[in-house]
Amino acid sequence: MNYSFVIPVFNRPEELEQLLCSMTQLEFDRQFEVIVIEDGSDLSSEFVCNRFRESLNINYLYKENSGPGDSRNYGMARATGNYFLILDSDCLLPSHYLKNVDLNLNHHFVDAFGGPDAADQSFTPLQKAINYSMTSFLTTGGIRGGAETLGRFQPRSFNMGLSKKAFEATGGFGTIHPGEDPDLSIRLWDMGFRTALFKEAYVYHKRRISWRLFYKQVNKFGKVRVILNKWHPSTSKVTYWLPSLFCLFSFVSILLLIKGNWWMMGLILVYLFINALIATMKYGLSVGWRTVPAVLIQFIGYGIGFLESTIKINILRWDERRAFPQLFFTS
């Protein structure tokens, strides 16, 4: 395989520099291509790319803003490789990343794969707490953390591989964001392509995030899931309701607590304590206690977004673009 990394970037030259620096440390004995797509940024990353031209085979492309999905398509259409490795600009690569991808594809070729989301030791306590919440088996079933999953694996675009053949057959990513990656995975399955999880092909996902931005992100995830269920009804699962049920359970537990009945609230506290304990054992107390608000924000943000989207899409029968225009880009 000839590999082309495809990296959309929007106003994040410092993050991109860190990612490119990690790519210069990759242990791989063949040349690979790096495509950077500037998605209409005000803060240009061209000067960053220029600094790496002697150490990386890098191609900088600029286009008007049309979202990360369309930017990835733009880069893949102009790449010279026959297998594309798609990354978010806020990721860092361990030195064995490309070697592991190549080994997996040579032994078990698939037209699309995804790798886990890990936290580097240099990350802040907030980044580690959110990473735990997004990857733990107790919160998300481990879909981003490399846990074995039931059914077929849906690669996520922060760390995703896609063959040129599969890209040309599907047309790549759609204009919805977030949610463009599971939408592509499902369309790949419908066309007979296989996907897989490469557990050792992890990246360090260094999210530039705050509690407010984290809530906004997971709230969008909840809204998008209902839209994806509408587009692909065969993939709908009861488990997608769990965060919304958690919100309802929490609301009822507060009402009961006011009346002096604490058992439901006790169950929630035990669950949060278990998560905090596991995170503390892994990262230390400064991360462990932050895991509590991270888990609550993730469940409440996703759950409320899912309920709002369910009402607008499934009950009121609104068109998804009318209901949530902010979730769609114009390519």
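In strand E10, tyrosine 204 is the bridge partner of leucine 92, where strands (E, at least two residues) and helices (H or I, at least four residues) are DSSP runs numbered from the N terminus. The model is a predicted one, in which local features need pLDDT of at least 70 and side-chain atom pairs count only at pLDDT 80 or more, whereas totals for chains, interfaces and linings use all residues. Residues are numbered from 1 along each chain as its sequence is written, and side-chain values use heavy atoms, with hydrogens and water left out.

**The sheet**

- Strands E5 and E10 (residues 203-205) run antiparallel and are joined by two bridges, and two strands count as paired if DSSP finds at least two bridges between them.
- The open sheet has three strands in the order E5-E10-E7, and its pairing is mixed.
- Because E5 and strand E7 (117-118) stand at the edges with a single partner strand each, one side of each is left without a neighbour in the sheet.
- In general, strands of a sheet pair through backbone hydrogen bonds, either parallel or antiparallel.

**Salt bridges**

- A search of the whole structure finds 12 salt bridges, a salt bridge being a side-chain nitrogen of Lys or Arg within 4 Å of a carboxyl oxygen of Asp or Glu.
- Arg12, Glu15 and Asp90 are linked in a network of such bridges.
- Aspartate 90 counts as buried, at 9% relative accessibility.
- Arginine 187 forms a salt bridge with aspartate 183, with the closest N and O atoms 3.2 Å apart; the two residues are four residues apart in helix H8 (residues 180-190) and are therefore separated by about one helical turn.
- Aspartate 183 is buried, with a relative accessible area of 6%.

**Helix H4**

- The buried residues of helix H4 (residues 97-107) are Tyr97, Leu98, Asn100, Val101, Asp102 and Leu105.
- What covers these buried residues includes E1, E4, strand E6 (112-114), strand E8 (159-163) and E10, with contact meaning heavy atoms within 4.5 Å.

How values were computed
Buried < 20%, exposed > 50% of the residue type's maximum accessible area, 1.4 Å probe, protein only.
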